Amino acid sequence: MPTKIDTVVIFVLPILAVIISFFVKPTFFTSIFLFLALPGLYLSVRAPKYILKSLVFSLLAGIPLMVILEYIGGASSAWAFPSSVFDFYLLGRVSTEVVLWAFFNIYTVVIFYEFMFDHHKKVSLWNRKMWALVWYLVGWSILFVFLFVFMESNIVIPYFYLSFGVIVFFLPIIIATLSYRRILPKMAYSLVYFSYLSLLYEITALNLGWWYFPGKEFVGHITLFNISFPLEELVFWIILFAPAVISAFEYLDDDCK
């Protein structure tokens, strides 16, 4: 069961990550561990019985889809990352850091949610609903291969951030709101924490050059602390990312209670 100390720790960790980052100026690779893996590690220590369940969901939900989104998003100039510290790029474009970033983003959200709210006596690693995720990813993969072949690997989609944000983030939340409203208060609390964490990460990242937004096809921009980033980034990643993950997790791998 979570305690007040747990709440204090998870809210303090992002602040420590910001302080360390501005003093040390680490790479994007290191930032993933400072901002995402450390809270995930703390929660894993506090709730070890949820580790495998969170790993399975995060690996399935995060890595295949992020490879596709990063390949298209980078080509469409929706966002950009600095050169990888590794020589290996999936499909020639997707860096190791981006894959890790996606995995730890989802893992930390899921294990936070499990530890803070879903206190199951028995943890199931797989159920039949999870096959929906598998077929969902198969569908995305087939679409990606079609675009890859049809557009000769140069997949550029106008207003890509807005398009995928509505499909991947906004729609699952709408479905959750209509289908199982009991989890909405839990989603709201998770939204507060991860909006706080992600906003600190965003401000630090843009100041230190961990990512940037070279394109012009955005709905608008927002300026905070003398830095500017797309409105889509605020809405879809900073605000809606955690609720979208929880919505999908509850439907696919949990009991919707």
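Okay, Lys53 and Glu114: these two form a salt bridge, with the closest N and O atoms 3.3 Å apart. By salt bridge I mean a side-chain nitrogen of Lys or Arg within 4 Å of a carboxyl oxygen of Asp or Glu. Lys53 sits in helix α3 and Glu114 in helix α4 (residues 96–116), so the pair ties together parts that are 61 residues apart in sequence. Helices here are DSSP runs of H or I, at least four residues, strands are E runs of at least two, and both are numbered from the N terminus. Both Lys53 and Glu114 are buried, where buried means under 20% relative accessible area, exposed means over 50%, and partly exposed is in between (1.4 Å probe, protein chains only).

Before I go on, this is a predicted model: local features need pLDDT of at least 70, side-chain atom pairs count only at pLDDT 80 or more, and totals for chains, interfaces and linings use all residues. Residues are numbered from 1 along each chain as its sequence is written, and side-chain values use heavy atoms, with hydrogens and water left out.

Asp6 and Arg46 meet through their side chains in a salt bridge at 2.8 Å, N to O. Asp6 belongs to helix α1 (residues 4–24) and Arg46 to helix α2 (residues 28–46), so this pair bridges parts 40 residues apart in sequence. Asp6 is buried, at 2% relative accessible area, while Arg46 counts as partly exposed at 33%.

Now the aromatics. Searching the whole structure gives 40 aromatic pairs. Rings of Phe, Tyr and Trp (its six-membered ring) pair if their centres lie within 6.5 Å; planes under 30 degrees apart are stacked, over 60 edge-to-face, and the rest tilted. Take Tyr113 and Phe117: ring centres 5.8 Å apart, planes at 55°, so that pair is tilted. Tyr113 has 0% relative accessibility and counts as buried. Phe169 and Phe236 are tilted too, with centres 6.4 Å apart and planes at 40°. That pair links distant parts of the chain, Phe169 being in helix α6 and Phe236 in helix α8 (residues 231–239), 67 residues apart. Phe169 counts as buried at 10%, and Phe236 does at 6%. Ring pairs also build a cluster, whose members include Phe11, Phe57, Tyr113, Phe117 and Phe249.

Staying with α6, which helix gives the largest share of the nonpolar surface patch? It's α6 (residues 160–179), with seven residues. The patch has about 910 Å² of accessible area together, and Leu162, Phe170 and Leu231 are among its members. Areas are Shrake-Rupley with a 1.4 Å probe, and for residues only the protein chains shown count as cover. Patch residues have over 30% relative accessible area and no salt bridge; like charges are joined within 9 Å, nonpolar side chains (Val, Leu, Ile, Met, Phe, Trp, Tyr) within 5 Å.

Next, Ser76, in the loop between α3 (51–75) and β1 (89–90). Is Ser76 buried or exposed? Buried, at 11% relative accessibility. A polar atom of its side chain lies 2.9 Å from the backbone nitrogen of Ile157. Leaving out residues up to four places away in sequence, Ser76 touches Ile155, Val156, Ile157 and Phe160; contact means heavy atoms within 4.5 Å.

Last one: Met66, in helix α3, is buried at 11%.

Notes:
A polar contact is a pair of N or O atoms within 3.5 Å; within protein, one must be able to donate a hydrogen and the other to accept it, and residues adjacent in sequence count only if both atoms are side-chain atoms.
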